[in-house]
Amino acid sequence: MEWLGFFLLCICPALLAGQSSLRRCYTCRSRGELGDCRDPFVPPEPLTPGLPVPAHTASIHELPCSSGWCMKILDGLDKNRVDDFDIATERSCMQRGPSDGSERCAYVKYNHREVYMCFCRGDLCNSSSLVHPTFTILVTTLLVTLLWL
């Protein structure tokens, strides 16, 4: 039981602090089948330290996000249609998170249009096609389970 106390006092805060210090979102926009931003999303290769940064050739950027909330918007997605040829996909940082603080995907009104929007909290979390639970929720669940045993 002593190791559990050590884990809770020393290791968990370090893990949580490491998770919260990085707040970046993928930023890109593309339309149609061949766009770089659409799903399945392929993140850009990480830059090698010491090498010069390439010119403005990349269409996908990893930008800092002060709110920590990222979003993905599918514009042109029709609830009643299967064809996804003309869907615009946009990934970016949200100015502020949702008022209830929960990650989710839903149809919303955005710029006077109905779009499918997903928002998530975490470093580069808007890379996937689904919203995944954050690291903090997973650690909390693990700790509650360990304490329950």
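In what sense do S1 and strand S4 pair, and over how many bridges? I went to the model, which is a predicted one, and looked up residues 88–93, the stretch that makes up S4. S1 and S4 run antiparallel to each other, and four bridges link them. I picked out one of the partners: Arg29 is bridged to Glu90 in S4.

Next, the sheet as a whole. I noted six strands in an open sheet, ordered S2-S1-S4-S3-S6-S5, with antiparallel pairing. S2 and S5 are the edge strands; each has a single partner, so one side of each has no neighbour in the sheet.

The peptide bond joining Asp39 to Pro40 is cis, with omega at about 0 degrees.

I found Asn111 in the loop between strand S5 (104–110) and strand S6 (113–121). Asn111 isn't a glycine, yet its phi is positive, about 55 degrees. Leu124 sits in the loop between S6 and helix H2 (135–148). Leu124 isn't a glycine either, and its phi is positive too, near 55 degrees.

Last entry: which of these is buried or exposed? Asn111 has a relative accessible area of 57%, so I put it down as exposed, since the cut-off is over 50%. Leu124 comes out at 14%, so it counts as buried, which takes under 20%.

Conventions:
Residues numbered from 1 in each chain as written. Predicted model: local features only at pLDDT ≥ 70, side-chain atom pairs only at ≥ 80, totals over all residues. Heavy atoms only, no water. Helix = DSSP H or I, 4+ residues; strand = E, 2+ residues; numbered from the N terminus. Buried < 20%, exposed > 50% of the residue type's maximum accessible area, 1.4 Å probe, protein only. Pairing = 2+ DSSP bridges.
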